[in-house]
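Welcome! Here is a short briefing to read alongside the sequence and the 3D view.

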Amino acid sequence: MAYPTPHPATTDLKPLPVPPLHDTLDAYNHALTAVLSGTELDRAREVVENFRTGAGPQLDAALRERASEREAAGTNWLNDEWYSSYLTTRSPLPLSTNVGFQIALPAADDADDTAGPGGLDRAVEFIRRAATVHLAAAADETPEDVDARGNRITMNQWFVYAGGIRHPQADEDTIIPTELGAASREIGVFVDGRLFALPISDADGTLLSADAVRAGIEQVQQLARSGATGAFDFNAPSLLGSEVLADLLPTMLSQGSNNAIYDRLRDMLFTVDLQDGETAASALTDADADAGAKSDTERIREATFAPRGAWAYKPLSYQISLSSDWIAVHVEHSCQDGATLVTAITRMQNAELGDGSNAQATPEELTWELDDPTTQDITARLEDFRDAAAKLATDIITVPHSLPANLPFKISRDASAQLTMHIAQQLTYGRVRAVYEAVDMREFCAGRTECLRAATPEAVTFAQKLIDATATPDDLQNALNAHRGWVKRCKSGNGFDRHIQMMATIDSSDPFFTDDAATAARRDFLSTTSIGGANQIVRYCFAPTLPEGFGISYTPLPEDAEFCVSWNVDTAEEPEEFRANIARASEMFWDFCAKQA
């Protein structure tokens, strides 16, 4: 399997180190004490020690050999296997690995956020702002990327902004990048499930003017009001997952002009779904038009788990409301992480748009030509998808960030959010299970993320004692120091998760990778992540990793903290109690801190 090639500008970044095996296993043993006790902990430690003296050294040596080979090729020892872990996902992408992000784009002071001219003007503005970033990638003119500390970071994730598609195949999908530059590019515009190709740049690669884009979208709206949609929305096949689509897509592409349509879909810079127009209907069903305004909770859930206007295998599928300030993007996650998206949105917000080209933007509707058996097959499978999507629920929980003045120690926003979730677990279940927290690793060659195991023994001890009313300032300080130490460990390339994960790609048969107790510290009951404040990404949503667990994004706000929580209504463990206890845990935590000030 061929994976995306490394960006030539950043193959010289520092190599991602392979941590010393003994350090990894020592740290993992420590992590196990947070989530296990008694005979289970004893068994897990025995498995770890058997691995240390048994299969571990051989697998570690093989991984180091891989690292040397990959460094010479300008990548790292997890690059190919990282792609593979995503591309072998067979279930529907919106219900597994894709992510929905709400985008911050402050309205101009004179903007009229209605379904009338103001709403359309804002949609045109965002489309042109997004297109500046996408066209720069297509022209190979994306500016150098640096992190908050000024470190150069990998450019490997930016190729998706030029277009391309994840192509379903048997066993493992492939990424097909576009071969087009910036000239004569198209975007896709969804309206009520119908897709229209719309020019966005002229023959010189110049972004079209606001008037030209607006005129093109108005034509799209006129076309959408005429005629009827087909048996299902254009994007419906993409919702079914690669287990289905790997077999179905070749049949689709063999019919009519579908192969040419698929090529155009692949080469689109991005797609955008115009929502809340005159004919807008529910994103989950083909039922009556949705007459009421949707809450942010409903919108982020639908943007993630049941997008109506998003080909789920395209890298970025934007969604714009014409009747509110809602803008979101449905992201295929295999080739880019949230931190790169934050940079892209920042560049969109700051883009100098200019007048642009006055070339015409004449839209063309794209439709699938399908025989009756294929249509009936997709229709039946779509119902299965909708049933599964309906079981994923989302809640937005906002709690005060009541940091006391004159506190004798520092508490980061990240640590306070994680401690709140540990306390909520302890309140709900009487124990704490493993927590995944993503850490940005793009300063390393071909870096992606490492996992910070936030449920440290020190944090769990503090949560237990806080609930028992026996916690001391030293207990909190120990928890904060442990969290801070994990951040430093991960940022230096010395986390243990990727090390263990990549040894398993060589041979996963050892009990170290399979035993229930030995893997307890790496089974993500809470899959959590934060990409900073709400200036670029307001909030985001993704499916839980485990059926019984939760997916949680958390966002620091000036005076509050927000938790966007997702779970499966059929399989999650006590979701009502856990969500309620997030607010209770926050109150308990800050009350304790207030007593220390």
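## A buried aspartate and its surroundings

Beyond the neighbours within four places in sequence, Asp-145 is in contact with Asn-151, Arg-152, Ile-153, Met-155, Trp-158, Thr-343, Arg-347 and Arg-442. Please keep in mind that this is a predicted model.

**Asp-145**
- You can find Asp-145 in the loop between α5 (117-138) and β2.
- Is Asp-145 buried or exposed? Asp-145 is buried, because its relative accessible area is 2%, and the cut-off for buried is under 20%.

- Helix α7 spans residues 242-253, and its buried residues are Ser-242, Val-244, Leu-245, Ala-246, Leu-248, Leu-249, Met-252 and Leu-253.
- An α-helix has 3.6 residues a turn, so residues three or four places apart point the same way.
- Among the elements that cover the buried residues of α7 are β2 (165-167), α8 (258-267) and α11 (372-390).
- Ser-91 lies in the loop between α4 (79-87) and β1 (99-103).
- With a relative accessible area of 35%, Ser-91 is partly exposed.
- Leaving out neighbours within four places in sequence, Ser-91 is in contact with Ser-96, Gly-241 and Ser-242.
- How many residues apart along the chain are Ser-91 and Val-244? They are 153 residues apart, and their C-alpha atoms are separated by 8.5 Å.

**Helices α1 and α2**
- Helix α1 (residues 21-35) packs against helix α2 (residues 38-53) at an angle of about 175°, and their axes are 10 Å apart.
- The two helices α1 and α2 are therefore roughly antiparallel to each other, since that term applies to angles over 145 degrees.
- From α1, the contact is made by Leu-21, His-22, Leu-25, Asp-26, Tyr-28, Asn-29, Leu-32 and Thr-33. From α2, the residues are Leu-41, Ala-44, Arg-45, Val-48, Glu-49, Phe-51 and Arg-52.
- Sorted by class, the contact of α1 with α2 has 8 nonpolar, 3 polar and 4 charged residues.

- Strands β11 (residues 435-440) and β13 (residues 526-529) run parallel and are joined by 3 bridges.
- Across this pair, Glu-437 stands opposite Thr-528 in β13.

**Thr-456**
- Thr-456 sits in the loop between β12 and α13 (457-467).
- Thr-456 counts as buried, because its relative accessibility is 4%.
- Apart from neighbours within four places in sequence, Thr-456 is in contact with Ala-34, Ala-482 and Trp-486.

**Cysteines**
- How many disulfides does the structure hold? The structure holds 0 disulfides.
- Cys-451 is in no disulfide, and the nearest cysteine sulfur, that of Cys-490, is 6.9 Å away. For a disulfide, the two sulfur atoms must be within 2.5 Å.
- Cys-451 counts as buried, at 0% relative accessibility.
- Cys-593 counts as buried, at 0% relative accessibility.

How values were computed: Residues are numbered from 1 along each chain as its sequence is written. This is a predicted model: local features need pLDDT of at least 70, side-chain atom pairs count only at pLDDT 80 or more; totals for chains, interfaces and linings use all residues. Side-chain values use heavy atoms; hydrogens and water are left out. Buried means under 20% relative accessible area, exposed over 50%, partly exposed in between (1.4 Å probe, protein chains only). Helices (H or I, at least four residues) and strands (E, at least two) are DSSP runs, numbered from the N terminus. Contact means heavy atoms within 4.5 Å. Two strands pair if DSSP finds at least two bridges between them. Axes are lines fitted to C-alpha atoms, for helices over the stretch in contact, and angles run from 0 to 180 degrees between N-to-C directions. Angles under 35 degrees count as roughly parallel, over 145 as roughly antiparallel, 65 to 115 as roughly perpendicular and the rest as oblique. Ala, Val, Leu, Ile, Met, Phe, Trp, Tyr, Cys and Pro count as nonpolar, Asp, Glu, Lys and Arg as charged, and the others, Gly among them, as polar.
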